Amino acid sequence: MTRKTTHNWHKPKIFDNNIIVIGGGSAGLVTAYIAAAVRAKVTLIEKHRMGGDCLNTGCVPSKALISATRLLANAARAQEFGIANMTADYSFSDVMERVQRVVKSIAPHDSVERYQNLGVNVIEGNARILSPWEVEVITETGTQILTTLAIVIAAGAQPLVPPIPGIGNIDYLTSDTVWNLRIQPKRLIVLGGGPIGCELAQCFARLGSNVTMIEMAPRLLMREDEDASELVLEQFRQEGVAVHLNHTAKQVIVENGEKILLVEHEGNTIRIPFDQVLLALGRTPNTSGYGLEDIGVELSPKHTIQIDGFQATNYPNIFACGDVAGPYQFTHTAAHQAWYAAVNALFGNIKKFRTDYSVIPWATFTEPEVARVGLNEQDANEQDIKYEVSNYDIADLDRAIADGNAHGFVKVLTKPGTDKILGVTIVGDHAGDLIAEFVLAMKHGIGLNKILGTIHIYPTLAEANKYVAGIWKKNHQPRKLLQWVARYHAWKRG
């Protein structure tokens with residue numbers, strides 16, 4: 001990264017702000033909160049909706065939809081629980097309206113009023129960086145130029161729209177716009193088998209849509225281990241999702257008023273008629289339209305803002321965090337980066353803190369859920385890191401059997417010959433909650449021996465964490481000591 005000098009820019013003698021934050025999503029809100037908490041003068045600029053993607057179009061609405069559709073899935077399984085018949089009458093429109101009510105009930109947590117009460121100067125308008133110390137803001141009432149010692153860019157990302165011929169001729173859906181639906185699509189194509197595509201495909205299938213998923217890779221959830229992907233695929237097929245792997249979308253055409261997706265597979269072209277198509281092919285960072293190119297802020301090869309280990313750009317007083325900076329696109333990592341961006345922006349002249357990526361968890365909230373922290377097997381093999389595996393089958397867990405969800409596993413990678421945890425993958429009910437114990441353990445250097453020695457309430461799903469530690473212990477029994485103990489007991493018996 002080429003470090004930019006600020007000598008060519010006029011530097012004000014007096015500043016309006018210690019820090020200006022561009023973007024009111026997770027990264028921007030945390031940055032502003034921290035700055036206000038340490039009594040810095042901070043201005044937060046948001047051009048659209050406070051709360052960003054997570055609140056309005058991402059985490060919150062998707063989890064609200066998942067909750068509703070899980071009820072439908074459980075009703076369909078009534079006979080498994082000894083209930084002869086259970087029906088669920090519902091309206092697609094009512095379900096989607098409930099999603100919006102959930103968003104509105106959480107919105108006050110991220111509101112302008114809350115952050116102003118915390119001491120943040122919130123401006124709703126369009127920002128443009130004019131210099132390393134100046135930001136122009138255009139609002140409905142006019143334009144103003146603010147000066148600042150530091151700038152933190154938290155501009156987020158937007159859904160990726162692929163250059164598929166004909167895609168622009170139809171009203172396609174993305175994770176931003178799908179929440180506006182009130183009429184259920186009978187035939188839905190989901191392009192992309194990553195977390196967003198998988199979560200929404202399962203939801204719409206449970207609501208009664210005929211869902212076809214197109215994934216050009218050989219399996220779903222390519223960042224996860226193959227055994228995790230396989231369990232999700234198996235569940236999808238049981239629920240009627242038509243999953244086409246190794247298929248590539250080539251063109252969208254309209255014939256006699258019917259929309260058709262042309263897909264290529266093993267040299268053959270397949271025609272798939274549809275009513276709606278949902279693009280779930282990832283997200284691209286928002287790096288244009290607010291002055292980065294004007295002052296020469298560098299971008300990375302992945303088109304994110306190029307940052308160093310302290311969240312700084314090639315300007316020493318301009319920082320970036322969240323989706324616009326990468327490398328992760330999770331709400332919790334955005335908040336994690338925001339702490340470093342805020343502290344380094346405000347106190348970096350005294351002490352700087354390097355962003356810690358050593359323990360990053362994430363989860364995909366399909367059924368079964370897939371949660372992960374640290375290394376999985378495919379990453380360890382790619383990096384040539386030696387490891388041992390302890391695997392516990394949740395099918396043996398009493399609580400999972402009682403709940404009717406006895407499927408999945410807990411897989412722990414450890415450093416050979418030790419109980420040091422290198423990574424964990426959990427597939428199953430509430431995997432995103434269960435992983436927290438291992439996140440804590442890895443963060444603070446706690447090994448499997450101590451997890452095994454910790455009391456876990458019976459019967460709970462959390463016992464799976466203790467049982468996988470027990471499997472590790474069984475595989476590392478002190479055999480010579482046990483042989484000696486056996487001779488001791490034999491001697492005691494005479």
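**Backbone and side chains**

Trainee: Where does Pro-368 lie?

Mentor: Pro-368 lies in the loop that runs between strand 18 (361-364) and strand 19 (369-374), where helices (H or I, at least four residues) and strands (E, at least two) are DSSP runs numbered from the N terminus. This is a predicted model, with local features needing pLDDT of at least 70 and side-chain atom pairs pLDDT 80 or more, while totals for chains, interfaces and linings use all residues. Residues are numbered from 1 along each chain as its sequence is written, and side-chain values use heavy atoms, without hydrogens or water.

Trainee: OK, and what kind of peptide bond joins Glu-367 and Pro-368?

Mentor: That bond is cis, with omega at about 5°. The peptide bond from Tyr-458 to Pro-459 is also cis, with omega near -10°, and Pro-459 belongs to the loop between helix 14 (448-452) and helix 15 (463-475).

Trainee: Why point these out?

Mentor: Because most peptide bonds are trans, and most residues other than glycine have a negative phi.

Trainee: On phi, then, what is the value for Arg-39?

Mentor: Arg-39, which is not a glycine, has a positive phi near 65°, and this residue is found in the loop between helix 1 (26-37) and strand 2 (42-46). Leu-221 likewise has a positive phi, near 45°, in the loop between strand 10 (210-215) and helix 7 (226-238).

Trainee: Are those two buried or exposed?

Mentor: Arg-39 is exposed at a relative accessible area of 73%, whereas Leu-221 is buried at 4%; buried means under 20%, exposed over 50%, and partly exposed in between, with a 1.4 Å probe and protein chains only.

Trainee: Switching topic, what does Ser-175 touch?

Mentor: Leaving out residues up to four places away in sequence, Ser-175 touches Thr-57, Pro-159, Ile-196, Leu-278, Leu-279 and Arg-283, a contact being heavy atoms within 4.5 Å. Ser-175 is in the loop between strand 8 (173-174) and strand 9 (187-191), and with 8% relative accessibility it counts as buried.

Trainee: And which residues does Gln-337 touch?

Mentor: Its contacts, with the same exclusion, include Gln-311, Cys-321, Gly-322 and Tyr-357. Gln-337 lies in helix 9 (residues 331-347) and is buried at 2% relative accessibility.
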